[in-house]
Amino acid sequence: MLKLFLAEFRRSWTQFIRYPFEAIGGIFITTSIFYGLFLSAKYVTGTAFQLGDRFDAIVIGYVLWTLILFIMTEVATGLQYEAQTGTLEQIFLSPYGAVLVFFVRAIASLTRQLLIIGVILAIIMGLTGSRLTFPPILILPLITVLMSAYGLAFMMGSLALLLKRVQQVLGILQFGLLFILATPAESWTGWGQVARWTIPMTGSAGLLRDVMAREAGLNWLELGLAVLNGAVYLAVGLLLFRFCERQAKKQGKLSGY
Amino acid sequence: MNVLEVENISKHYRQGGTRIEAVRSVSLTVREGEVLAFLGPNGAGKTTTIKMIAGLIEPHTGQVGIAGINPHRHPQALRKVGAVLEGNRNLYWRLTPEENLAYFGVLKGLTRSQAKRRAATLLERFELTEKRKTAVQNLSRGMQQKLAIATAIIHDPLLLLLDEPTLGLDVEATQTVKALIREIAQEGRAILLTTHQLDIAEELSDRVAIIQKGEIVAQAPTQELIRQFSGTHYVIEIEGELTFEQRETLAAIEATIESDRVVSIRGTEALYQALGILKPLPLVRVKRDQSSLTEIFLKLVRNEV
């Protein structure tokens, strides 16, 4: 498993830096967008986002937003890209099995993306003179958000296996994400609370807001619910992917994209 | 020993309410060190069959065994399979040959150090060492194809599936790939090869299986199939002029004078009679007129037999 992760990370990183001008250009553009957003941070966070107006919270909010967008599209678009370049079938020929390969690959891509984001943040901090500090406990709700996000990503990947083209669905999902991440579901009552812990990422995003913006401590019971939410979505995503892989093999759809 | 055993695999699809039989009760075997040319017109079911063998498409009925293990039930069977499924589109184009081999080695179950060692050996053997640090997209088509084959055997598989391995290659690259396929088979690997270039199939294969509309219509050792379809037709090429008497006598034994210097005749007895008639003219060659695999293929797929 570790050797597969390292191989996937090397592949992903090497492909990213193969053409340095392209890689640096990508980082420059993303940094510029981030910097522009930070300069108008108060305007951006004024209404929809409830992360507060602290610089750190804004940074975490945007990092989370871009990471989740990246994750959600990673499996499905990766699958479609590999199908076009003809390497998809080689993945399905791996004795590790496609589910494990895609899962490890997703974690490797996330690691690469975190490294790139780290570089971008370092540049931003250098430019603004600000220092980013956040409580380490933030990692826990963040992991639960990522688990749910990967669950959804594998559901999208499952659709891509059978339907082949899912760009439209991915586009719609991004709007859904805005609702999921930005709605202050922690203020919901009654059935709203059930919905909060049933909808993917909503509860976890609330916990992040607690820790980052409200400087409240972490509610461990709620963290438990967030872990459960993340684990269920991830498990369902992976199982659905496995199911759709079998369906694609039955229907002869693992080619001809 | 049979490396590949395919027993009565079938696959059908539904299209607009109609059931389409893509593959019907196909059975194949390939022994170690053997090259089986799997031939058929477009849409005959070759690729579906290959993908069922590789575990990429699940058959509705029948069994696939790779060294006795069913890849549809036990993914570890895939350790014994290498495949080049669609020309050169089996590689990461931004990676170098070295990086591709190392990555696919791990993907196929090797450790990184095993994959790197094996990569170095294969790069040397496939004459790609000089290009080991060049991105695949900057390699020639022939080099890309050699690399795709090297990648397919990085984990030392028993069975190699090659779908149109010489498609789009120039003459020199085709020769190189042919030589490599021969070498790989000589190492004891079983090779299942599809190609539309029937001269290559004839040259490389030990056995031939021809599929038409999802069914195997012929399966035999290549030379046996050629013998079976070749008549007892002989061509005699001579030097010098035929006399009027010789022409008359040859016509009497139903020999055909195709040009002033080429006589064709049916049957061994008639051949010796003709040789007697032609004496003392110098002979350039006497050749049994063999059917080519192309002619046999066309006869079979056009239902002319």
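In this predicted model, the contact between the two chains draws on 34 residues from chain B and 33 residues from chain A. Put together, chain B and chain A bury about 3100 Å², with 55% of that area on carbon and sulfur atoms. On the chain B side, the residues that lose the most area to chain A are Leu56(B), Tyr92(B) and Arg94(B), which together make up 23% of what that side buries.

As for where the chain B side comes from, strand 1 (2-15) and helix 2 (97-107) of chain B each supply at least two of the residues that touch chain A. Helix 2 of chain B gives the largest share of that side, five residues.

Next, the charged pairs. Side chains of opposite charge can pair when their charged atoms come close. Three salt bridges turn up across the interface of chain B and chain A. Lys51(B) pairs with Glu89(A) in a salt bridge, and their closest N and O atoms sit 2.7 Å apart. Over all chains, the structure holds 22 salt bridges. Another salt bridge, in chain A, joins the side chains of Arg196(A) and Glu222(A), at 3.2 Å from N to O. This pair ties together distant parts of the chain, with Arg196(A) in helix 9 (residues 191-198) of chain A and Glu222(A) in helix 11 (residues 220-251) of chain A, 26 residues apart.

Turning to the fold of chain B, six strands make an open sheet in the order 5-6-7-3-8-9, and the pairing is mixed. Strand 5 (81-84) and strand 9 (215-221) of chain B are the edge strands; each has a single partner strand, so one side of each is left without a neighbour in the sheet. From one strand to the next, the twist averages 15°.

Within chain B, strand 6 (residues 159-163) and strand 7 (residues 190-194) run parallel and pair over five bridges. Asp163(B) stands opposite Thr194(B), a residue of strand 7 of chain B.

Conventions: Residues numbered from 1 in each chain as written. Chains lettered and ligands numbered in written order. Predicted model: local features only at pLDDT ≥ 70, side-chain atom pairs only at ≥ 80, totals over all residues. Heavy atoms only, no water. Contact = heavy atoms within 4.5 Å. Buried area = accessible area lost by both parts, 1.4 Å probe. Salt bridge = Lys/Arg side-chain N within 4 Å of Asp/Glu carboxyl O. Helix = DSSP H or I, 4+ residues; strand = E, 2+ residues; numbered from the N terminus. Pairing = 2+ DSSP bridges. Axes fitted to C-alpha atoms, helices over the stretch in contact; angles between N-to-C directions.
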